[in-house]
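Hello,

Here is the structure we spoke about, for you to look through. My notes on what was found follow below it.

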Amino acid sequence: HGRALPDLVVLPVTTEETAAVVRLCYTRRVPLVTRGAGTGLEGGCIAYSGGVVLDTSLMRTKRMVAGEHLAVVGAGVLKNELNEFLRPHGMLFGPDPSSNPTIGGMASTGGSGMSTLKYGTSKENIRSMVVVTPSGRVIRTRKAVRKSSTGYELNALYLGAEGTLGVITELTVRLFPRPAVRCGAVVVFPDVAAAA
């Protein structure tokens with residue numbers, strides 16, 4: 001990717017601070033790019049047009065939802081950090097990209113990885129999100145319960161949109177019991193015929 005510098009970098013801590021920055025950029029017509037951990041290879045967090053980079057790394061809240069296999073996390077929480085937080089509770093967040101992205105970044109890009117067959121992608125494991133729309137309005141995409149037939153399914157709109165439709169600030173994620181053993185393997189074959 002080519003080099004590009006933003007005019008300003010902001011590091012909000014709350015949804016309200018994020019909404020204020022987004023509203024200001026909207027009214028002043030200033031380009032805004034959201035950044036998580038910067039682990040993506042596509043260059044989605046590069047400010048090619050200058051403007052503002054909104055870094056979510058300080059949005060770090062983490063809490064379990066009592067009686068449910070759910071956790072509520074800030075968009076800047078790293079995947080490995082979340083799983084360490086969940087370890088004493090015997091739980092884990094299943095999707096496992098090989099890098100250590102933010103949970104917000106995983107939702108924005110639809111991140112997956114080696115554990116997708118068992119746990120699904122990020123998209124299947126996000127129950128609800130708080131999103132700041134491009135005009136600065138704060139919305140919740142849906143109720144965190146699994147079964148809800150009321151209202152539009154806004155999760156599907158924002159998951160994988162790479163920040164183009166709004167800034168994700170908080171996520172309610174599905175959790176799984178931590179397996180006793182978790183491992184992977186690489187098997188090398190000399191050619192395709194030998195692998196068949």
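In these notes, buried means under 20% relative accessible area, exposed means over 50%, and partly exposed is what lies in between. By that rule Glu162, with a relative accessible area of 41%, is partly exposed. Please keep in mind that this is a predicted model.

Glu162 sits in the loop between α6 (155–158) and β9. Its phi is positive, about 55°, although the residue is not a glycine. As background, most residues other than glycine have a negative phi.

Glu162 also turns up in the largest pocket: together with Thr34, Gly105, Ser108 and Thr109, it is one of the residues that lie nearest the pocket centre. The pocket holds about 830 Å³ of space, and 39 residues line it. Two or more lining residues come from each of α1 (15–28), β2 (32–35), α3 (103–109) and β9 (167–174). Of the elements, α3 gives the most, with five residues. Sorted by class, the lining consists of 19 polar, 17 nonpolar and three charged residues.

Helix α1

α1 is one of the elements that contribute to that lining, and its geometry can be checked.

Which residues of α1 are buried? They are Thr15, Thr18, Ala19, Val21, Val22 and Cys25. Seen down the axis of α1, these buried residues fall within an arc of 165°, so they line one face of the helix. The buried residues of α1 pack against β1 (8–10), β2, β3 (52–55), β7 (126–132), β8 (138–140) and β9.

On the other side of α1, the exposed residues are Glu16, Leu24, Thr27 and Arg28. Glu17 also belongs to α1; at 38% relative accessibility it counts as partly exposed. Glu17 and Leu82 are 65 residues apart in sequence, and their C-alpha atoms are 23 Å apart in space.

Arg29

α1 is followed by Arg29, which is found in the loop between α1 and β2. Arg29 has a positive phi of about 55° although it is not a glycine. Its relative accessible area is 76%, so Arg29 is exposed.

The second largest pocket and Met114

The second largest pocket has a volume of about 220 Å³. Its lining is made up of Asp96, Met114, Ser115, Leu117, Lys118, Tyr119, Pro179, Val181, Arg182, Cys183 and Gly184. By class, six of these are nonpolar, two are polar and three are charged.

Met114, one of the lining residues, lies in the loop between α3 and α4 (116–119). Is Met114 buried or exposed? Its relative accessibility is 77%, so Met114 counts as exposed. Met114 and Pro97 are 17 residues apart in sequence, while their C-alpha atoms are 6.9 Å apart in space.

Regards

Technical notes:
Residues are numbered from 1 along each chain as its sequence is written. This is a predicted model: local features need pLDDT of at least 70, side-chain atom pairs count only at pLDDT 80 or more; totals for chains, interfaces and linings use all residues. Side-chain values use heavy atoms; hydrogens and water are left out. On a 1 Å grid over the protein atoms alone, a cavity is a set of points where a 1.4 Å probe fits but cannot get out, and a pocket is an open set with protein on both sides within 12 Å along at least five of seven lines; lining residues have an atom within 4 Å of a point. Grid points are joined across faces, edges and corners, and a volume is the space filled by probe spheres set on the points. Helices (H or I, at least four residues) and strands (E, at least two) are DSSP runs, numbered from the N terminus. Ala, Val, Leu, Ile, Met, Phe, Trp, Tyr, Cys and Pro count as nonpolar, Asp, Glu, Lys and Arg as charged, and the others, Gly among them, as polar. Buried means under 20% relative accessible area, exposed over 50%, partly exposed in between (1.4 Å probe, protein chains only). The arc is that of the directions from the helix axis to the C-beta atoms. Contact means heavy atoms within 4.5 Å.
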